Amino acid sequence: MAAFWLDGLDAVAGRLGATPAGLSSSEADARRGRFGPNLAVVRTERSLVARLAHRLAEPLVAILLIAAAVTGLTGDWQSAAVILVIVAGSIGLDMAQERQAARTVAALKRSVAVTARVQRDGEAAEIAVAEIVPGDIVEIGAGELVPADGLVIAAAGAVADEAVLTGEPYGVEKHPAPPAPGEGCDEGSALFGGTSLVSGSATMLVVATGADTRFGAIAEALQASAPPTSFERGVHALGMLILRLTGFLVLAVLLAQLLRHGLTLEGFLFAVALAVGLTPELLPMVMTVTLARGAARMARRKVVVKRLAAIHDLGAMDILCTDKTGTLTEARIAHVASLGWTGAGSARVAGLAALNARFVGGLRNNLDQAILAARSAKEEGWTRLDDLPFDFERRRASVLLERGGERIIVTKGAPEAVLARATHCEEPDGTLVPLDADRRAAVDALIAGRGREGLRLLAVGWRPAEASALTAEGEAGLILSGFAVFLDPPKASATAAVARLVRAGIRVKIISGDGEAVVSHLVGTLSLPATGMLTGAEIAAMSDAALATRAPDTDLFVRVAPDQKARIVAALRRRGHVVGFIGDGINDAPAIHAADVGLSVDGGADVAREAADIILLDPDLGVLADGVAEGRRTYANIMKYVRMGTSSNFGNMLSVAVASMLLPFLPLAPLQILLNNLVYDLSEIGIPFDRDDGGDETRPQVWDMHAVLRFTLVMGPLSSLFDFLTFGVLLYGFDADVATFRTGWFVESIATQILVIFLIRTAGPFWKGRPNPILVLTSLGALALALGIALGPFGAVFGFVALPAPLLLAIAVIAALYLGSAEVLKRFAMGAATRGGGGIVPSPPAPLAGDLPRR
Ligand SMILES: Nc1ncnc2c1ncn2[C@@H]1O[C@H](COP(=O)(O)OP(=O)(O)OP(=O)(O)O)[C@@H](O)[C@H]1O
Ligand SMILES: [Mg+2]
């Protein structure tokens, strides 16, 4: 990529045909045609054929297709047809659902997409970032993302965070590009897409967009899909386990057949059918549908999910870190008073605060706005010479002003940050006195006192100045004038919302840049459960290991810097917690990024929203509690499928396999196994729609392989027990011939296999649950279909025969007995008996080394 900053502004602007008034809409459209959309990675949707081909090439599908071909070639058309129906059904379902899910996510993402302010047709316009073209004039403020590469035309205290490109965590100052080549034509006069402004503001002439940007060159790599969540890893591991067992079982069956009957076509087809029956082919579909439906439901509750898998993380989250303003407070900040350093009302302080807020550039936040809105005392006639905008490290903002030859520096900021630089105090009559130990003590007492009342203070100081520019050293030797006092009312709804989260087994921690007194007061007012406190200064002195030891039991973190927020999150994750972080500011972005679930709010800074996985359109923790419930519900539904697969389906197929080795004939014809599998798949299509009743809502839901195994080891043998009971009854009770045996066994196995969903779907008594109508329909519909085929007039096509009434009755009794014992044993199998009712969260094992950075 060319170093466009070397040429000087005039040359570049000339080349791009750019003017300060911006491009016309028609010219912009023309350029978009030429340069394409401003997207770092242009994802062309793969064509239907390509997606289909991709799926057909998957090993499992390929095996099924080969099986169909072999069966077809041998003249077994029915089997071939059934396999093809299974393949077509599962692929069709999967593709349709995936498309639907992709659409849902795309629409949701669009609804919270970042926009940019550009000049179009001579006016300022807010447009989607993708619409920006070379030659556009863009305005960028603090906390906003730089939408493309370009030259700085104007800058005020602009500092960019270019860590995405350079890995350098320190801000880079930006200055306007000189008109002609020469001094100043360096990278400091260029802004790069994908970076962000941490403070100040800038106007930029766009030079390169989309894949032509620096970021575009590395975006592919950066956008590489997020590593799977622990849940996805678990599901995948389970799938692999089943596949391996399948392979083993099928080989064993083949071998047994070979030894006993030699190489027969039916024996081979039987093994193939078993493999088809054992494969959890619907698992991907169940995952996608469940997540996409979860996302759609959450959207209705004003929670936008940008990364689908984050729903799992939300359900697994056991610690939520939140900043204070906006989530726990109303974020309606009012400037309620201005006090001299002794605590008396002071118009002088109000005047100085207003000067600072009016003239300071860069990040102007709600505190500045509150000061300006209060319009208290005015100091007239000043002009600005220079400023040093607020940043979260210094926690102060200063301006250098001039009036009739007199120059002063006015500083406001966090009390500690200003007091550290102050040497004197200003008495109400204007005389200066040294800020000695006694006076410092008095000032500290004032700050603490007001803080205990829940008021936020900014210290205001000033000093005479000679220089015409302002540097950080210029903030030394200040005269403390007094304090601007703010009120940000606590959010009444926060108490109930936090209580809900706590009941859900989530520990809530507050990580604030504000001081101890204010945070303690807020916690008291809202009666939030909180123990332990660490300050930013204490954290700075701690090693990561020490922090990881202290952080889990500490609920309040005060006066923390942005990088410390991220450090706290990382420390908690290192201890094995699944951590969520919700925040809205530039200073929250690193922590949002570091968390398992990054959350932000609609009005938050661009960088915070960009870093987040989930965005709340209403900044309300109550909505978040709903989201957690949703996450756990998706978990519960996937567990239902897993439990069905591991216990009932797997159990049945296992019984068939074992029986095939013991019996002189095959217990089911290959075609019948395939039919069983097809109908069973149909019955499960409704699972993603199901609700979660009687589930355990007091615990974060983390993928637990032990729980899955336990369930399998209890329920699997139970199912086999009744299978063998059926075999016995058929063989010895009814002296069944091969066709009758197969029909009876088919009916028993499909009935138990399908009906058990109504028990497994809830840990509570099944009759108290209310399954979703769609699930009822798919399950009972599939069962009716199976019985209709086996016992109806077309049964002969599949090798079924009519069953005598007493046998049907016996099968019904066995099925009822099985379901009854499953209902009794399921509580034990699901581990319900061992779970206390409390919200104590056992820590999952620490993640593997190298697991931490998620993206
Ligand atoms: N515009 C400003 N000018 C001067 N000082 C400021 C300004 N904004 C914030 N500060 C100081 O910096 C501190 C940290 O900022 P802030 O409270 O926004 O951090 P935070 O971590 O986002 O806190 P919160 O948890 O309240 O959201 C504030 O408590 C205040 O003392
Ligand atoms: Mg904040």
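## Strands β21 and β22

Gly580 stands opposite Val597 in β22. Strand β21 (residues 579-582) and strand β22 (residues 597-601) run parallel, joined by 3 bridges. Strands here are DSSP runs (E, at least two residues), as helices are (H or I, at least four), numbered from the N terminus. This is a predicted model: local features need pLDDT of at least 70, side-chain atom pairs count only at pLDDT 80 or more, and totals for chains, interfaces and linings use all residues. Residues are numbered from 1 along each chain as its sequence is written, while chains are lettered from A and ligands numbered from 1 in the order in which they are written.

## The sheet

An open sheet of 8 strands runs in the order β8-β23-β22-β21-β9-β18-β20-β19, with mixed pairing. Two strands pair if DSSP finds at least two bridges between them. β8 (303-305) and β19 (533-535) are the edge strands, each pairing on one side only. From one strand to the next, the twist averages 20°.

## Domains

The domain assignment (automatic or from a database) gives domain 1 (4-38 + 132-223), domain 2 (231-297 + 633-834), domain 3 (303-330 + 491-617) and domain 4 (334-487). The centres of domain 2 and domain 4, taken over C-alpha atoms, are separated by 73 Å.

## Ligand 1

Where does ligand 1 lie? Domain 3 and domain 4 both give residues to its shell, so ligand 1 lies between them. Of the 19 residues around ligand 1 (C-beta atom, placed from the backbone, within 6 Å), Lys324, Thr325, Ala414, Ser512 and Gly513 come nearest. Two or more shell residues come from each of α13 (366-374), β12 (396-403) and β13 (406-413).

The shell divides into 5 nonpolar, 7 polar and 7 charged residues. Ala, Val, Leu, Ile, Met, Phe, Trp, Tyr, Cys and Pro count as nonpolar, Asp, Glu, Lys and Arg as charged, and the others, Gly among them, as polar.

## Helices α9 and α24

The axes of α9 (residues 265-278) and α24 (residues 670-684) come within 8 Å and cross at roughly 10°. That makes α9 roughly parallel to α24 (angles under 35 degrees; over 145 is roughly antiparallel, 65 to 115 roughly perpendicular, the rest oblique). Axes are lines fitted to C-alpha atoms, for helices over the stretch in contact, with angles from 0 to 180 degrees between N-to-C directions.
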